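Please look at the sequence and the structure before reading on.

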Amino acid sequence: MSERRLLVVGAHSADFVWRAAGAVAAHTAAGGQALVVALSYGERGESGVLWKEEGQTEENVKRIRHEEASKAASVVGAEFRAFDLGDYPLHVSAEAVGKLAELMRDFAPHVVLTHPEKDPFNPDHPVAHEAVARARLLTSGAGVASGFRTAPPSEFLVFEPHQPELCAFTPTVYVDITPVFKRKVDAMSCMAAQQYLQEYYAQRADQRGNHARKVTGNQDIRQAEAFQRLLPNVVGAL
């Protein structure tokens, strides 16, 4: 079996940490390859603690955010890349979508994770979803022979938003992250600019672990992350 490749695309550099670091760690622990892409650093809208420092500059905030996200990605066995498109608002140009599609053709992910298409509290997350969905379609073409380089269609899922009930998010997949939960905690601790989210997402992992236990009856599951499939998965038998 060839190495499984996972691509996670976030609007901001820390998004993958809260919502999918456990799944990334589980994926790489099983021998898979993971690539995390941040469309922006979240330097304007998600780095409030850093801006309290006297004489702070946007470029320095970006540098710090890059270091934090790179370290967090490394903790869960992933590579980190940043597009640096700016945030609040995030604008993804046709050129940037093309760049993302080209990255997808090169990496040929088996699974793509990103934000849900709806988020009434964050202006950048829906923009990121639209860009990823479009790039993914451009990557695989129309499912027939194309006049440009393509990659096989990937599975397409969204990770859990901060307030799922208000984002039309319904879990269809739980990933058991119990064996790698410490790595998620360590990854979250790298994001010093958003320490206030660390406790929330640790608690969320416990709650989803409870839900996963009820679904499976497996009492060994303590923590989990939730995802929603956007496309059917194909199996040989039920």
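**The whole chain**

The model is predicted. Its protein chain holds 6 helices and 7 strands. Starting at the N terminus, these elements follow the order β-α-β-α-β-α-β-α-β-β-α-α-β. The radius of gyration is 17 Å, close to the 18 Å that the globule rule gives for 238 residues, so the chain is as compact as a globular protein of that length. The C-alpha trace spans about 60 × 50 × 35 Å along its principal axes.

Of the 238 residues in the protein chain, 50% are buried. Contacts between residues at least 6 apart in sequence can be sorted by separation: 76% of them join residues at least 24 apart. The chain exposes about 11,500 Å², and carbon and sulfur atoms supply 53% of that area. Its side chains include 25 positive and 29 negative ones, and the centres of these two sets lie 5 Å apart.

**Helix H3**

Helix H3 covers residues 94-107, which makes 14 residues. At 1.5 Å a residue the helix should span 20 Å, and its end C-alpha atoms are 20 Å apart, so the two values agree.

Which residues of H3 are buried? They are Ala-96, Val-97, Leu-100, Ala-101, Leu-103, Met-104, Arg-105 and Phe-107. The cover over these buried residues includes strands S1 (5-10), S2 (33-38) and S3 (79-82), together with helix H4 (125-140). Just after H3, Ala-108 takes a positive phi of about 50°.

**Two single residues**

Lys-182 lies in helix H5, which runs over residues 181-189. Arg-229 belongs to strand S7, made of residues 224-229. The table gives the accessibility of each.

| Residue | State | Relative accessible area |
|---|---|---|
| Lys-182 | exposed | 57% |
| Arg-229 | partly exposed | 26% |

Lys-182 counts as exposed because its 57% is over the 50% cut-off. Arg-229, at 26%, falls between the limits of 20% and 50% and is therefore partly exposed.

How far apart are the C-alpha atoms of Lys-182 and Lys-118? They are separated by 30 Å, and the two residues are 64 residues apart along the chain. For Arg-229 and Pro-171, which are 58 residues apart along the chain, the C-alpha separation is 8.0 Å. Leaving out residues up to four places away in sequence, Arg-229 touches Glu-155, Phe-156, Leu-157, Thr-172 and Val-173.

Methods
Residues numbered from 1 in each chain as written. Predicted model: local features only at pLDDT ≥ 70, side-chain atom pairs only at ≥ 80, totals over all residues. Heavy atoms only, no water. Helix = DSSP H or I, 4+ residues; strand = E, 2+ residues; numbered from the N terminus. Rg over C-alpha atoms; globule rule 2.2 N^0.38 Å. Buried < 20%, exposed > 50% of the residue type's maximum accessible area, 1.4 Å probe, protein only. Contact = heavy atoms within 4.5 Å. Areas by Shrake-Rupley, 256 points an atom, 1.4 Å probe, with all protein chains shown as cover. Lys, Arg positive; Asp, Glu negative; His and termini not counted. Charge placed at Lys NZ, Arg CZ, Asp CG, Glu CD. Expected span 1.5 Å × (residues − 1).
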